[in-house]
Amino acid sequence: MKEGPSPNGGLVVALDIGKSFAAVQALAPLSLTVHRGEKVALAGPSGSGKTTLLYLLAGIIQPDQGSVSIDGRRLSDLRPGGELAGLVSVMHQQFDLVPNLPVVHNVLAGRLGRWSLLRSILSLVWPQERQLAQDTLTQLGIGDKLQERTSRLSGGEQQRVALARLLVQASLIVLADEPVSSLDPARADDMLRLMTGLVESSGKSLVVSLHSPDLIRKYFSRVVGLREGLVQFDLPVEQMSDGVLERLYQLDDDNSRVAGVAVT
Amino acid sequence: MWRLLENRRLLSLLLGAAFVWSLVSVDWGGAFVHAGGIGTLQQFLLAAFPPELSPAFLRIGLNAAWQTTTFAVASLTIAVVIGLPSGVLASGQLIPRSRRGSSVALGARLLLAVIRSVHELVWAVIFVAAFGFSSLAAILAIAIPYGGILGRIYGERLADVPEEPLRALRASGASPITVLIYGRMPMALPDLLSYTFYRLECAIRAAAIMSFVGIRGLGFEIQLSLQELLFSQVWTLLMFLVALVVLVDIWSTRVRRSLAA
């Protein structure tokens, strides 16, 4: 694909990307277009290729074939660092914060891609763009934690700090790899409400892998089902029936037979 | 051959055999124990009850302890100045995944190995030959090998922090240097500090020993008192030495506690 306006006005365009690790095909070649403002849920059992797809979209790993472009720019042409950080940000399953830094520095770490080296070093003494960090944390309901040591925060608060870092990074697209898998139902709901709300208000796109049908229906506009590295369906969320998801997660016949034996 | 040496049972057998052999080859009769020393030892131990506690001598001891502390702190400060940058380079994390980066790391590691493999007393002999008996000789003699030791430990600790937060920093656009100061440094800091405090204790010991290159301090006073066989004074000075080490230990515990989560 040449540089230029992306087809169909897609913000993220993945063309025929595939990935294998050693002899195992993690993701069969697939194409995927995500539009501006779209909230895409990735569903599928463990090992179905969700994380691989997210990492490919984020430029963390390179596809064996095909290409990914965001806002008309091919990821393989970008150097890692500032430019890539402006296009795409990723939230991992763990919060991945630096535990013994104050919250303010963990939030402002999202700006490191935009700051000069001097400014980054200076910021450890006099936090730069402190107001931005303060406002973002206030938006997330933990405005009083700015100076707290990050390791002293609860799990839920730490996840908000990670989200704040993502927000100040201000990338065009936000990816999240099972961000709510370690949270209880109320906190998972709260987290997705914050994520989708903030993404909506700033006109970004969101791609999140998660399992809960209720949360997918409640917060997302589109759902992509993956299984064994293959796309099983790609539907507007209104057309997602219970049966479709059930089949996606169903154990193989072999597996269910084994499970049956184990039970009896 | 190397594989054979890694066999733990064989290694234990070899070491055990060496030990037994050493026992057999000692000449147990005659001059192995110098009997005349027992009297002196008795005299020395008895002098501890009580040690010399006259105000005049305590003032001398306090003054000497202060001098030893200043030498130790000065040496360790220079050691940190040597150790931190070279440790960062030796960790190989500043210029990752390039041929130039790994040769810089290798060079730094080699330099650190060279300067720490020579004992501070040997450095002292070298510097006395160069500068004469002076404070500078003593300070450098401690600072250089300690810099080598600190650099090695710093490098290890900086390389050995959890990878996930670093990955997240890189993903938000941080360069290797900012990953170092926003990720590796803060995560390794408690370890780095606690090891540096331990080295301060060692530096106090070493600074006391350095009296033989002509610096004042506890070692110098101990030498004087020993020459005049005033053992109760020696005990007082040793108490000052122990007190210094205990003080550093308390200080380091406080700092570590304030850093702990």
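At what angle do helix H4 (residues 55-90) of chain B and helix H7 (residues 135-159) of chain B pack? Before I answer, please note that this is a predicted model, in which local features need pLDDT of at least 70 and side-chain atom pairs count only at pLDDT 80 or more, while totals for chains, interfaces and linings use all residues. Residues are numbered from 1 along each chain as its sequence is written, and chains are lettered from A and ligands numbered from 1 in the order in which they are written.

The angle is about 40°, and the two axes lie 6 Å apart, where axes are lines fitted to C-alpha atoms, for helices over the stretch in contact, and angles run from 0 to 180 degrees between N-to-C directions. Helices (H or I, at least four residues) are DSSP runs, numbered from the N terminus.

H7(B) also gives the largest share, 12 residues, of the largest nonpolar core, which has 131 residues; such a core is a set of buried Ala, Val, Leu, Ile, Met, Phe, Trp, Tyr and Cys residues joined through C-beta atoms within 7 Å, and buried means that 20 or more other C-beta atoms, placed from the backbone, lie within 10 Å of the residue's own. Among the core residues that touch the most other members are Leu57(A) and Ala138(B). Leaving aside neighbours within four places in sequence, Ala138(B) is in contact (C-beta atoms, placed from the backbone, within 7 Å) with Phe71(B), Ala124(B), Met210(B), Val213(B) and Ile215(B).

Turning to confidence, chain A has a mean pLDDT (the predictor's confidence in each residue, from 0 to 100) of 83. Over residues 256-264 of chain A the pLDDT is below 50. Where pLDDT is low, the predicted coordinates should not be read in detail.

Terms used. Helices (H or I, at least four residues) and strands (E, at least two) are DSSP runs, numbered from the N terminus. Two residues are in contact if their C-beta atoms, placed from the backbone, lie within 7 Å. A residue is buried if 20 or more other C-beta atoms lie within 10 Å of its own, exposed if 12 or fewer, and partly exposed in between; C-beta atoms are placed from the backbone.
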